[in-house]
Amino acid sequence: MHREVQKMREAALVYLDRSGGLQKFVQDCKKYSDSKQSYAVYRFIISINPSDIAELDATLGNYILHNPIQAAQIFQSVCFIAIKTLSLIEQLQTEAQISILLKPTHLPPLPSYVLSLAAFPFNYTSQRFYMSEGIAIAMGIVTKYTQGARFLCTEETCQFSKGFRYIRVHLPGATESATVRNDFVCGLCSSPLQEDMKFRVLGDKQIVEMIDAKVLNALKGYSNDKSHFRIQTFTVFLRDELANKMKIGNHYKIIGIPACVQNGLQATACIEVNSVQLCKPRGPSFVSDNFKDLLSLTASSCWRFSAILANIFASQVVPPGTYNTLKLAILLSLVQTCEKENADYLDLLIVTTDTLVIDRLLNYSLCLLPRGIRHPPYSDIFPSVSKDKHGTGSASIQACSAVLAKGGICYIGDLASYKKDKLELLQSVLESRMTTVFIPGKKYGEEADQQVTISLQTNFWSYVDSSSKKHIQKDNFLIGQMDMSLIPPNLVDAFGLLIHNEFPSCQQSSPMVHHILKKAIHPEAMLYKVSQQFRMQDYEEDFTV
């Protein structure tokens, strides 16, 4: 076994030399040496390419992938020998003072290296590297944790009452009490150990709640996806240089080590993250052949293509030729979706008496985007603050419909169902595309109050029921003028486009009546030939390009 370990140490040194890691290590050592200050722990980050290191030494490559904590000890020994041989850090005394964080650039593209919370069971017992993807739906504020600490024997005559014999270093999944507490004893004389506080090394820690991206399908108003899956959040720990690397609502790919954190009687599955990568939307890079053919046939007119598209759009919900103005506005709003800062947004406000059909049409349209979110009633549209559930007492910012709909559509339903303060906040967001979350310091254990500003990159859809009992018609309006007294004028102006429904509920069109009756009898039937020619998938491909 010793011979294998020695061989892996040699391979680790060769890899560091070839990959440029040794040069970076020397530069990091110089920073510590120049500070002239003694630390309990000297922390080094080593970037690992699993493919390259497996080609160099398969045993070491396998060790890194499946026993990363033990593999870090291999690099710890190599780094300690390098520091002592080259006299890089004069203050360093023992190998235990070196803390190594291995950062794999990627993992093998195999199912056994993927950790999915939509699948069961969740394997958090094997402390090895996994890759996982998800959306950040809650983010705590950055707090401090103990990277490492020095303990001394309380018996003055003991040889370990001085020096750096007892060093405690944070390990993946370990709580603060596992690193620092008062019940450690000396291995030589069994006397209690006491921490030397002036050598404690602190680092930044941020707790993030993530959820599988499949949850977006469950938050749509309507979907053809009949698959069943389990929705469960998982806790992610971002430490030191990774703190604040995530933004709430974004989709990330992470590599880390799963663990189980015990908080009293409650156990929480979590992942200690080693690397974070932002996932960009993977939409198809093509337009369907049906739309290409239609565009070529209508190329002689700049309006014909849009008119035909609006005419046949959503034929599964409403018959072709109905609600053309509204459907054209919906298509324009769908086209305007993106995740760019300062983009042009097109928010829709629909005034109607036929809320059922309008609601069905908007629900259907949401599914054409990866991030089409129907806001559930009795929940917050915009981010809110709550106490962190992991027992730290710190603040955690919770995502909401508007954040989850980043780069897509947030359908908030009937405006009349919201109170005045919510409508004022909505108006502010529509005008600025920003919202501010206030965190009172006293309530969440901080010295000062904080304000966190969050950018909202989404289009908002809503409607108003003009036949509502809350709406009192006024008699002094001019001919052709609409009565909008149900909604504050400033809020109406904040929406990019106002659409008035063509059909009063008491005069529903004959095609619409026939459509509803046929759908009630045959829900899955294709009632029109155009529905077979221009499928829902064709629209999805166009709006995810």
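Mentor: Happy to! Helices α1 and α5 are roughly perpendicular to each other, a label for angles of 65 to 115 degrees, where under 35 would be roughly parallel, over 145 roughly antiparallel and the rest oblique. The angle between α1, residues 2–19, and α5, residues 68–86, is about 70 degrees, and their axes lie 9 Å apart. Each axis is a line fitted to C-alpha atoms over the stretch in contact, and angles run from 0 to 180 degrees between N-to-C directions. The helices (H or I, at least four residues) and strands (E, at least two) are DSSP runs, numbered from the N terminus.

The model is predicted, so local features need pLDDT of at least 70 and side-chain atom pairs count only at pLDDT 80 or more, while totals for chains, interfaces and linings use all residues. Residues are numbered from 1 along each chain as its sequence is written, and side-chain values use heavy atoms, with hydrogens and water left out.

Back to the pair of helices. On the α1 side, Val5, Met8, Arg9, Ala12, Leu13 and Leu16 meet Ile74, Phe75, Ser77 and Val78 of α5; contact here means heavy atoms within 4.5 Å. Sorted by class, this contact has eight nonpolar residues, one polar and one charged. Nonpolar covers Ala, Val, Leu, Ile, Met, Phe, Trp, Tyr, Cys and Pro, charged covers Asp, Glu, Lys and Arg, and the others, Gly among them, are polar.

Now for the wider setting. The chain has 17 helices and 19 strands, and buried residues make up 48% of its 545 residues. Buried means under 20% relative accessible area, exposed over 50%, and partly exposed in between, with a 1.4 Å probe and protein chains only.

Ser365, in helix α11 (residues 355–366), counts as buried at 0% relative accessibility. Leaving aside neighbours within four places in sequence, Ser365 is in contact with Phe313, Ile330, Leu334 and Trp461. Met139 belongs to strand β3, residues 130–140, and is buried with a relative accessible area of 8%. Not counting residues up to four places away in sequence, Met139 touches several others, including Gln206, Val208, Met246, Ile248 and Ile397. Met139 and Thr235 are 96 residues apart in sequence, yet 9.9 Å apart in space, C-alpha to C-alpha.
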